[in-house]
Amino acid sequence: MEKVSLLVSTGNLGDNIIEEGSFYEGVKRQIDCFAADAGTADAGPTFLGADMPHNPIEWEEHDLELLLVESRKRNVPMIVGSCSTTGTDSAVDRYADIIRRLAKKHGLEPFKMALIYSQVSKEELQRRLKDIEPLEAPYELTEEVLNETTNVTASMGIEQIVHALEEGADVILAGRACDDAVLAAYPIYKGFPKGISLHMGKAAECASLVCWPQMVKESIIATVTKEYFSIEPMHPAQRATPHSVAAHSMYERTNPFVQGVPGGILDMHESEYVAETDRITRVYGSKFVPSPDGTYKVKLEGAGEVGYRVYHLVGIRDTRAIANIDQILVDTRKKVSQIIGPHRDKDYELYFHVYGKNAIMKEFEPQEQITSQELAIVIEAISKDEELATSVAKCAKFRFFYMSYPGQMNSSGGSVALLTDEPLYPKNKCYKWTVDHLLRLDDPLDDKIFRFSFETVRGR
């Protein structure tokens, strides 16, 4: 093959729905593979910790139906990674059930489906602690950390997906996977350069977000050759420019020129972005550099239950109070501790998210002076004891009505507004990330970490 083309229609399958106009424009072309990433850690630890879906099931079914029907019409592979956001075993099974139903609905001819499971038992990780090192976590993985963890997944690379393709899979539903690997696996399986394929996967992983103007859930075609890859949008108002493709290649990177992947790195130092037309960009020169010591490592993601979370929302409309908000928060925290009891300080966590000041960047916010005429303070209380979390949130809210600050001109109550006097209870318990580590494997197909199931799906 001189080239392979992938239709990429979403960067998070089921999170909103694929736009059908540009999707069906894309399927008019020669498409060799349909690929979609369905996962993200951006959703936070709750969905992994609780092992629950992030998206409405009807949205996920909508996207899977488009991909399945069109891929089977063309008899080309369909690859989905990080099923149902988290990529847990139950998430893979959920997608598999949808595929079986859709096959019956459309009376599809028999096809081979591969399920790749990547949820790892805590007992297995405990046996391998010597092979695990921190990634971004500021601590070693220990038995104590595992005891605080409910679910852990391993993020597969291209090797596991390529194995499923080699086994003749027509539809691949993968557990937690590296975003770029979901797209790069097919061209690598077909013999195209690993560096070019991985960079294509990185650039195209969020579909139309690699183009300008930015649009969501619109389809693009990513084409890989021996020398370059190219990106072309299917929506007529979008353009893939050297600027837009380079910008998305640097997206979510601490080093804009290097992306770590299982078994090595994607090196983009010499990548060259060239306009093929005013709507299509080619990228040359991307390389894959194997790990110097030949090691193969996969990322582990784990989450564990913290307790219950309760919110209150307080609005402040007084420029003098706003000017002194940092001290007001310190005073409020102290007063809450006094009222709840200092002996209980370790039994709860209290956070103030100040929207209008530094709620987004926190301590990294470079702008110290603000000119806001109003602030929204989200009070967040967390505790294993739901009643305690509620009391802390209520107490903190109450104290804002009695704040004291320099230049005060009225009673504090006149400066404070509430969205509701009732505390806000999320329907889910509170979870935190507990595992962000690397696991060294002697074999990428280690069957204690990645497990395969193959079946023939019959729609008639």
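Modeller: Keep in mind that this is a predicted model. I'd start with the second largest cavity, where α7 (158-166) and α9 (194-204) each supply at least two residues of the lining.

Biologist: What makes a residue part of the lining of that second largest cavity, and which residues are they?

Modeller: A lining residue needs an atom within 4 Å of a cavity point. Gly157, Ile158, Glu159, Ala181, Lys194, Leu198, Val261 and Pro262 meet that, so they line the second largest cavity. By class they divide into 5 nonpolar, 1 polar and 2 charged.

Biologist: What lines the largest cavity?

Modeller: Its lining includes Thr40, Phe47, Arg176, Glu301 and Trp433. By class, that lining has 5 nonpolar, 4 polar and 2 charged residues.

Biologist: And what about the open kind: what volume does the second largest pocket have?

Modeller: About 260 Å³. Of the 16 residues that line the second largest pocket, the closest to its centre are Ala323, Lys357, Glu368, Gln369 and Ile370. Both α11 (319-323) and α12 (325-340) supply at least two lining residues each. The lining divides into 4 nonpolar, 8 polar and 4 charged.

Biologist: Stepping back, how many helices and strands does the chain have?

Modeller: The protein chain comes to 13 helices and 20 strands.

Biologist: How do you know whether the chain is as compact as a globular protein of that length?

Modeller: Set its radius of gyration, 25 Å, against the 23 Å that the globule rule gives for 460 residues. The two are close, so the chain is as compact as a globular protein of that length. Its C-alpha trace spans about 75 × 50 × 50 Å along the principal axes.

Biologist: What share of the residues is called buried, and on what cut-off?

Modeller: Of the 460 residues, 55% count as buried, meaning under 20% relative accessible area.

Biologist: How much of the contact total comes from residues 24 or more positions apart?

Modeller: They account for 78% of the contacts with a separation of 6 or more.

Note on methods
Residues are numbered from 1 along each chain as its sequence is written. This is a predicted model: local features need pLDDT of at least 70, side-chain atom pairs count only at pLDDT 80 or more; totals for chains, interfaces and linings use all residues. Side-chain values use heavy atoms; hydrogens and water are left out. On a 1 Å grid over the protein atoms alone, a cavity is a set of points where a 1.4 Å probe fits but cannot get out, and a pocket is an open set with protein on both sides within 12 Å along at least five of seven lines; lining residues have an atom within 4 Å of a point. Ala, Val, Leu, Ile, Met, Phe, Trp, Tyr, Cys and Pro count as nonpolar, Asp, Glu, Lys and Arg as charged, and the others, Gly among them, as polar. Helices (H or I, at least four residues) and strands (E, at least two) are DSSP runs, numbered from the N terminus. The radius of gyration is taken over C-alpha atoms; the globule rule is 2.2 Å times the number of residues to the power 0.38. Buried means under 20% relative accessible area, exposed over 50%, partly exposed in between (1.4 Å probe, protein chains only). Contact means heavy atoms within 4.5 Å. Grid points are joined across faces, edges and corners, and a volume is the space filled by probe spheres set on the points.
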